Amino acid sequence: MKFLARRLLYSLAILLAISFLSFLMLQWAPGDYFEAMRMNPRVSAQTVEVLRAQYGANRTFAARYVTWMGSLARGDLGVSFAYGTPVGPLLWPRARNTLLLTGSSMILSWLMAVPLGIWSAARKGALLDRFFSFATSTVLAVPDLLLFLLLLLLAVRTGWFPAGGMVSSNFDDLSFWQKAGDVAIHFALPALGLAVVALPLLLRHVRAAMIEVLNAPFIRAARGHGIPPWRLLWRYALPAASNPLISLLGLSIATMLSASLIVEVILSWPGLGPLMIQAILARDVNVVIGVVMLSSVFLLAGNLIADVLLFASDPRIRVE
Amino acid sequence: MKGSRTFWTVLILLAAFHAVVLFAGFFAPYGYSRQNRDFPYAPPTRIHFVDSHGHFHLRPFIYGWQASSDSYGAYAVDSSETYPIHFFVGGARYEIAGLIPSRTHLFGVTAPGQISLMGTDGYGRDQFSRFLYGGQISLAAGLIAAALSLLLGLAIGSLAGFYGGWLDNALMRGGDLFMALPWLYLLFAVRAAMPLHIAQGQVFLLIVVVIGLIGWARPARLIRGVVLSAKERNFVIAARGFGASDFYLLRRHILPHTYSILLTQMTLLIPQYILAEVTLSFLGLGIGQPLPSWGSLLSGLQQYYVLASYWWMFLPAIILIPVFLGYSRIADALQERFAVVPL
């Protein structure tokens, strides 16, 4: 338990440092939100000054950081200049959408990667295995951007899927099940795209981990005892190979979140990605910091979950 | 070495591609900003050997386009105009590798005809030429940023590994910070701290620095590990006993052990960083018009009518697939050669 508590504390310290550093860095950023407003001839210099004072943009760095920390404690994360509302309520629905997308495509890609990887490892060197290794290296070489654009093209050309967004315009009139179906059909393309992006790397790792275990003496012994191959693979080899895969689970969250940023922009999924791009272009500093913090929370939480799983599955770590 | 022939073939093909991009001015028939407003979104030009009368010509030729009068951006082949393709023709001025001025282009057709192997964009600019010129920016961004990342990683990793103690702790905790963010979010966060609207020349520098700065943590960690184990080797301890300075030890005995890691990391980072530039420019946070980069070539696809109607706008991204495949082949071969655990 001590191990986990230490990891948790360390993650919190990292989050704190990230908040401070991103705050500091975006202070230096030349040209703030009000700069653009000052260029606007229809907004008087006085108005800009009043707004600056209202948002506290002219106070010292330390004062602003302390205020921001206070608002972080309330879950507000400061005020968005562009929307004029606290950042927190802007972020939560977006974060939920991003989590929905990345979470389910991660489950999808793991569900594909584990059986395929085991299959491929069990027939190492066979035609099937070589086909998989060819396919994974090809898919790895396809730029994410191109894949997502092609999915968008599919949607636009065939009309089978909606070309972006999360819900249809008549969403509010639908019954509960129709709503679920509506979200599901909007969700299909981005989730599929993300799963395809993540799959090759997972497949490679599952295969590598399984091959290593399958060479171990205890597997040969088990085979000698007449354990059927199916049971051998799933009950004997897979648990032994699971350690590196659990660590990979934590790592793959980072890849997923990055890829999700692009797919959200291209297929206009209302997640954190489009919000962040808009905030960068509008110099809406607090929103940028909020998104950065949230993405880091997801990543660190993913790593913590992986740690907990490792802790549960591997007695050696518990002894340490 | 097994498969060494394919390795060299891939390496030579990849080098040839880079050379074509480096000498873009020669291989591209037009300049990157030359517009031809009469032919926006013209499809790729077909090259013919047999004319409409069934006669075979040794010199390939192309037909002219006739803009269709009933719909915008639709063209019909005008087989009455033929333009033979000439090689080593004079044309627009350019600088060979940015230094020596020249006018000779590998191929071209006489003036009213336009040969555009990859079609044209909305301003009638030749996509093939823009792809080659854009490659100069995108490839250079990837290469320089990867070198920057590795240099930083090498410096930080070897300092941390060699001196250990509080310095090691501080540097590696700093690395943890960089790895606590999904890297695209990190990239955008750093980009957000930089000015949005700056001069064309500075944008390139900015992009390279931003991309290069964020990726040092992983190589630094790998290099630290190598340095840690290398500094305990007997010959290093012996050299230290003879009074060798820290710098000498690092340069002469320890850093040579990191070359394999540097090389494999380089082949892994370059495609990743090329993609980083492409992503930034695609989203309008990188290289902008009229300068071409692979990202800004693709950014037109964000409009539905371009995406749905003009398939050749996808070509720049599709050509990236074999290039990235080449890089990954080389990375695999190097990893096998150095027996690095693949990641």
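This is a predicted model: local features need pLDDT of at least 70, side-chain atom pairs count only at pLDDT 80 or more; totals for chains, interfaces and linings use all residues.

Biologist: Let us begin with the domains. Which domains does the assignment give for chain A?

Modeller: Chain A is assigned domain 1 (2-74) and domain 2 (96-319). Taken over C-alpha atoms, the centres of domain 1 of chain A and domain 2 of chain A are separated by 33 Å.

Biologist: How many residues of chain B are in contact with chain A?

Modeller: There are 39 residues of chain B in contact with 46 residues of chain A. The two chains, B and A, bury about 3,800 Å² between them, with 78% of it on carbon and sulfur atoms. On the side of chain B, the residues that lose the most area to chain A are Leu177(B), Tyr185(B) and Tyr304(B), together 17% of what that side buries.

Biologist: What is the general idea of a salt bridge, and how many are found over all chains?

Modeller: Side chains of opposite charge can pair when their charged atoms come close. In this structure, a search over all chains finds nine salt bridges. The count between chain B and chain A is zero, whereas one salt bridge is found across the interface of domain 1 of chain A and domain 2 of chain A.

Biologist: With which residue does Arg7(A) form a salt bridge?

Modeller: Its partner is Asp307(A), and the closest N and O atoms are 3.2 Å apart. The pair links distant parts of the chain, with Asp307(A) in helix H12 (residues 285-313) of chain A and Arg7(A) in helix H1 (residues 2-28) of chain A, 300 residues apart.

Biologist: Is Asp307(A) buried or exposed, and why?

Modeller: Asp307(A) counts as buried because its relative accessible area is 10%, and the cut-off for buried is under 20%. Arg7(A), with a relative accessible area of 31%, is partly exposed.

Biologist: Which side chain does Arg207(A) meet in a salt bridge?

Modeller: Arg207(A) meets Asp129(A), at 2.8 Å from N to O. Arg207(A) lies in helix H8 (residues 176-214) of chain A and Asp129(A) in helix H6 (residues 127-141) of chain A, so the pair ties together parts that are 78 residues apart in sequence. Asp129(A) is buried, at 3% relative accessibility, while Arg207(A) is partly exposed, at 25%.

Biologist: Finally, which residues make the nonpolar surface patch?

Modeller: The patch, of about 540 Å², is made by Ile47(B), Phe49(B), Val50(B), Phe56(B) and Leu58(B). Strand S1 (48-50) and strand S2 (56-67) of chain B are the elements that give two or more residues to this patch. Val50(B) lies in strand S1 of chain B and is partly exposed, with a relative accessible area of 42%.

How values were computed
Residues are numbered from 1 along each chain as its sequence is written. Chains are lettered from A and ligands numbered from 1 in the order in which they are written. Side-chain values use heavy atoms; hydrogens and water are left out. Patches are made of residues with over 30% relative accessible area and no salt bridge: like charges are joined within 9 Å, nonpolar side chains (Val, Leu, Ile, Met, Phe, Trp, Tyr) within 5 Å. Accessible areas come from the Shrake-Rupley method with a 1.4 Å probe; for residues, only the protein chains shown count as cover. A salt bridge is a side-chain nitrogen of Lys or Arg within 4 Å of a carboxyl oxygen of Asp or Glu. Helices (H or I, at least four residues) and strands (E, at least two) are DSSP runs, numbered from the N terminus. Buried means under 20% relative accessible area, exposed over 50%, partly exposed in between (1.4 Å probe, protein chains only). Domain bounds come from an automatic or database domain assignment. Contact means heavy atoms within 4.5 Å. Buried area is the accessible area (1.4 Å probe) that two parts lose on being put together, summed over both.
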